[in-house]
Amino acid sequence: MAAFGWTALAVVPVYWLVVTSLRTRADFTTDSPLALPDSPTLENYKTVLNGEFTTYLVNSVLVTIVTVAVTLVVALMAAFTVVRYSNPWSRLSFRLYLLGLAIPLQAVIIPVYLLIIRLQMYDSLPAIILPSVAFALPVTVMILVSFLRDIPRSLFEAMVVDGAGDWRMLFSLVAPMARPALVTVAVYDGLQVWNGFLFPLILTQSGDKAVLPLALTLYRGQFGIDIPATMAAVVLSTLPMLVVFVLARRQLVAGLTAGFSK
């Protein structure tokens with residue numbers, strides 16, 4: 001019974017979101033909120049797509065892909081260094097990464113804003129990407145270190161005997177074996193960046209630099225009380241990450257269940 005209630009709590013809002021996006025403005029004010037629309041329409045989606053939704057979508061895709069790619073490359077190298085070399089410097093660097101988990105984003109938004117201004121990057125997509133990478137690194141490094149520690153050290157020793165250097169070990173051994181963990185953190189970081197609101201709100205101001213979470217607030221003003229059109233924009237904004245999740249679900253489950261045995 002509790003499981004059914006929890007499922008309903010999760011499904012009903014999504015159902016209302018989709019159903020509302022298929023209503024006309026007149027039906028929205030007269031029909032029951034959870035009732036199926038008498039005359040479903042795609043006009044709300046056409047209204048959204050005929051606007052600047054494509055620009056916001058492209059911005060979100062670029063910010064998410066670049067942020068996740070940079071985060072994975074830097075975090076994988078950092079995790080490899082922490083696991084491969086057990087020395088005071090690697091342990092200190094790992095502790096510094098973990099310290100980043102204790103710093104709330106809201107507490108440093110003003111210094112980040114001033115730094116972006118000094119770098120003359122305000123109102124640009126890199127202004128969103130760089131802080132997003134910085135705040136995604138701590139949890140990504142933590143997960144990858146936990147996963148890489150389960151790789152048998154005999155494999156590293158065998159590659160050393162074969163004359164392999166650090167870079168070869170990183171790309172020929174560590175990266176392939178860490179694929180489930182990389183997919184897991186990629187999906188997690190991607191969701192965080194895709195849904196990020198504070199950095200775009202503070203660090204950009206032009207409409208052509210807006211990403212989807214920020215653009216949804218613009219739709220509210222653009223459509224006034226046209227709730228169905230706003231819900232259509234929300235549905236469209238969730239589809240890309242939903243597709244990514246469906247395609248990566250197997251690797252995601254493998255990454256969540258591996259690397260935490262120690």
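Helix α1 covers residues 2-21 and helix α13 residues 227-247, and the two pack at an angle of about 120° with their axes 7 Å apart. Axes here are lines fitted to C-alpha atoms, for helices over the stretch in contact, and angles run from 0 to 180 degrees between N-to-C directions. The crossing of α1 and α13 is left-handed, a term used when the near helix is turned anticlockwise from the far one by less than a right angle, with clockwise giving right-handed. On the α1 side the contact (heavy atoms within 4.5 Å) is made by Trp 16, Leu 17, Val 18, Thr 20 and Ser 21, and on the α13 side by Ile 227, Pro 228, Met 231, Ala 232, Val 234 and Val 235. These residues divide into nine nonpolar, two polar and no charged; Ala, Val, Leu, Ile, Met, Phe, Trp, Tyr, Cys and Pro count as nonpolar, Asp, Glu, Lys and Arg as charged, and the others, Gly among them, as polar.

A word on the ground rules: this is a predicted model, where local features need pLDDT of at least 70 and side-chain atom pairs count only at pLDDT 80 or more, while totals for chains, interfaces and linings use all residues. Residues are numbered from 1 along each chain as its sequence is written, and side-chain values use heavy atoms, with hydrogens and water left out.

Now step back to the whole chain. Its secondary structure comes to 14 helices and zero strands, where helices (H or I, at least four residues) and strands (E, at least two) are DSSP runs numbered from the N terminus. The C-alpha trace spans about 75 × 50 × 30 Å along its principal axes.

Next, look at α7, residues 125-148. Helix α5 (residues 88-99) packs on α7 at about 130°, with the axes 7 Å apart, and the two are therefore oblique to each other. This crossing is left-handed. Phe 94, Tyr 97 and Leu 98 of α5 meet Leu 137, Pro 138, Val 141, Met 142 and Val 145 of α7, a contact of eight nonpolar, no polar and no charged residues.

Helix α7 also meets α10 (residues 179-194): their axes come within 10 Å and cross at roughly 155°, so these two are roughly antiparallel. Here the crossing is right-handed. The residues in contact include Ala 136, Val 139 and Ile 143 of α7 and Leu 182, Val 185 and Tyr 188 of α10.

Which helix gives the most to the lining of the largest pocket? It is α7, with nine residues. The pocket has a volume of about 750 Å³. Of its 35 lining residues, the closest to the centre are Leu 105, Pro 131, Phe 135, Ala 136 and Phe 199. By class, the lining has 27 nonpolar, seven polar and one charged residues. A pocket, on a 1 Å grid over the protein atoms alone, is an open set of points where a 1.4 Å probe fits, with protein on both sides within 12 Å along at least five of seven lines; lining residues have an atom within 4 Å of a point. Grid points are joined across faces, edges and corners, and the volume is the space filled by probe spheres set on the points.

How values were computed:
Parallel < 35°, antiparallel > 145°, perpendicular 65-115°, else oblique.
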